[in-house]
Amino acid sequence: GAESTSSRTLQHVHREDPANIATHGYFPALIIMSVKVNIKWGKEELKDLEIDYEMPPMVFMTQLFSLTGVPIERQKIMVKGGMLKHDADNSVWAKLGLKNGQKIMMMGTAEVLQAPTTEMTFVEDLPEEAQEHAAMASLGMGLTNVGNTCYLNATLQCLHNTPGLMGKLDAYDPSAPSGAVGHLGEGNKRLTLATKNLFKELTSAKSPVTPYMLIKTLRELYPQFAQQGQGGIFMQQDADEAYSQLVYTMRETLKTQSEDPVSDLMGVELSCTLKCDGTDENFTEKQTVYALKCNITSQVNHLHEGLKIALHEDREKNSTILGASSVWRGDSSITKLPPVLTVQFMRFFWKTNVTSEGGAQGLKAKILRKVGFPQVLDMYDFCEESLQESLTVVRKDQIAAEDKRFADAAAEAEAKKQLNAAETSGDVTMGESSSSAVADVAQAKRMTGHYDLVAVLTHKGRAADSGHYISYVKRETGEWVCFDDDKITVVKEEDIKALSGGGDHHMAYLCMYKARYII
């Protein structure tokens, strides 16, 4: 008899197929979204390899490369009608009609690492590609673009290099109780685990990494990232939306009843006081955000100006006294600064274009205006009064500590000068050094309100859903590294300063800053 719906394997997804309803008169039908096949490669057979119909052949061939060592360009996969082409889009799967358990033949020779002929192999003796990977290994490793995924690759590189985040993810135990509950909670757990595993792989990888599992999980959990254009090709997405969803997912998953590690690391606590025009009514609301906005107008030339505008807002809200809707004017101030601060430049806005058919089409258009951003960001002006008072005390202590260091250095130099003179004359008197008479008292780290730039995510193009995204990350050594998918280059600080916009080249979209502390 026919196989029942309940006995279908989990890789099948229920969907209504109008053709089947019209032809066979039953409802609903099944459209297969993935299939498991067996690959025959020489004497070996790789069983139950899943082909995701939403991904292009390149992703499946990348999986085969990791299992067999056969480079993609050498893989000859025999399918109906000839060989599977690595540059085909995902529409090819529908034409092949693959079935579960189907055996497919692959030919190709694996790359074999030859045993060294000498005891030591120098980098310059390696193939050119291996030399490049070896030279870049200390700087980090790139991510493979599997088709319009630069927005995600750039976001992941920034998050991977976020100070303190790796430690939070390393401590994550999927079996432990967390804030992630229900069906969406289980999805959040899977995405957080995929992020953790990818970051671990990036840390130890010797060649570019393909984030297949993370992409697959992200698209399943948040369908907007699974949008497809003509030919079934996945569309470009907004990097800020990817950042927001990943941070939200990690926050919900890592949160427990007693701890909220992502909020502690990246959350900015704001207090907004709104006052009604024409009355004395006012109220205050509090919220935590994970990226401050930098609004861009014709008067904004610098990040500081854009942040100030974004912290002011006008709302239309009902007034009890007036008995009607009125304008409420609000100003927000920061009540708590995080160790890691993210700023988003509001470069995109919705613009409606009239199509040739007379209809309307929405587009995320881009503001190209040049907006400078500092290497060291001072957040004092954006903080509420009580926080400003605390920062003032810390900064005074910082100045006093620096003055003391200069004075101690000068005194030590003078003491050495006198000691050398005494040794020359033979008149030496032993005594206690004043610098060792008083021991320093250990203190907790205190935030100064100053932040150092550590990462910049940039966009090139005229719309958020097109163009190209890359990221720049500052290493512990002070060196700036550019991650352009799987390509890695070292850049100068002057190159970072040139990312302020004003043309069609790459410009800052997200900036990440690390807090400065004193002891």
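This is a predicted model: local features need pLDDT of at least 70, side-chain atom pairs count only at pLDDT 80 or more; totals for chains, interfaces and linings use all residues.

**Stop one: a glutamine in a loop**

Residues are numbered from 1 along each chain as its sequence is written, and side-chain values use heavy atoms, with hydrogens and water left out.

Glutamine 375 sits in the loop between strand S15 (360–366) and strand S16 (376–378). Helices (H or I, at least four residues) and strands (E, at least two) are DSSP runs, numbered from the N terminus. Which residues does glutamine 375 touch, not counting residues up to four places away in sequence? Show Tyr451, Asp452, Leu453, Trp480, Glu493, Ile496, Lys497 and Tyr513; contact here means heavy atoms within 4.5 Å.

**Stop two: a five-stranded sheet**

Now pick out the open sheet with the order S4-S3-S7-S5-S6 and mixed pairing. Two strands pair if DSSP finds at least two bridges between them. At the edges you'll find strand S4 (44–52) and strand S6 (82–83), each pairing on one side only. Zoom in on strand S3 (residues 34–41) and strand S7 (residues 103–107): they run parallel, joined by three bridges. Isoleucine 39 stands opposite isoleucine 104 in S7.

Angles run from 0 to 180 degrees between N-to-C directions, with axes being lines fitted to C-alpha atoms, for helices over the stretch in contact.

While you're here, click on methionine 78 in strand S5 (residues 76–79). Methionine 78 counts as partly exposed, at 35% relative accessibility.

**Stop three: a four-stranded sheet**

Move to the open sheet ordered S9-S8-S12-S11, where the pairing is antiparallel. Strand S9 (282–289) and strand S11 (312–319) stand at the edges with a single partner strand each, so one side of each has no neighbour in the sheet. On average, neighbouring strands of this sheet are turned by 30° against each other, direction ignored. S11 pairs with strand S12 (residues 324–336) in the antiparallel sense over eight bridges. Look for glutamate 316, which stands opposite valine 327 in S12.

**Last stop: a helix**

Finish on helix H8 (residues 212–221): is this helix mostly covered or mostly uncovered? Mostly covered, with seven of its 10 residues buried, Leu214 and Lys216 among them.

Methods: Buried means under 20% relative accessible area, exposed over 50%, partly exposed in between (1.4 Å probe, protein chains only).
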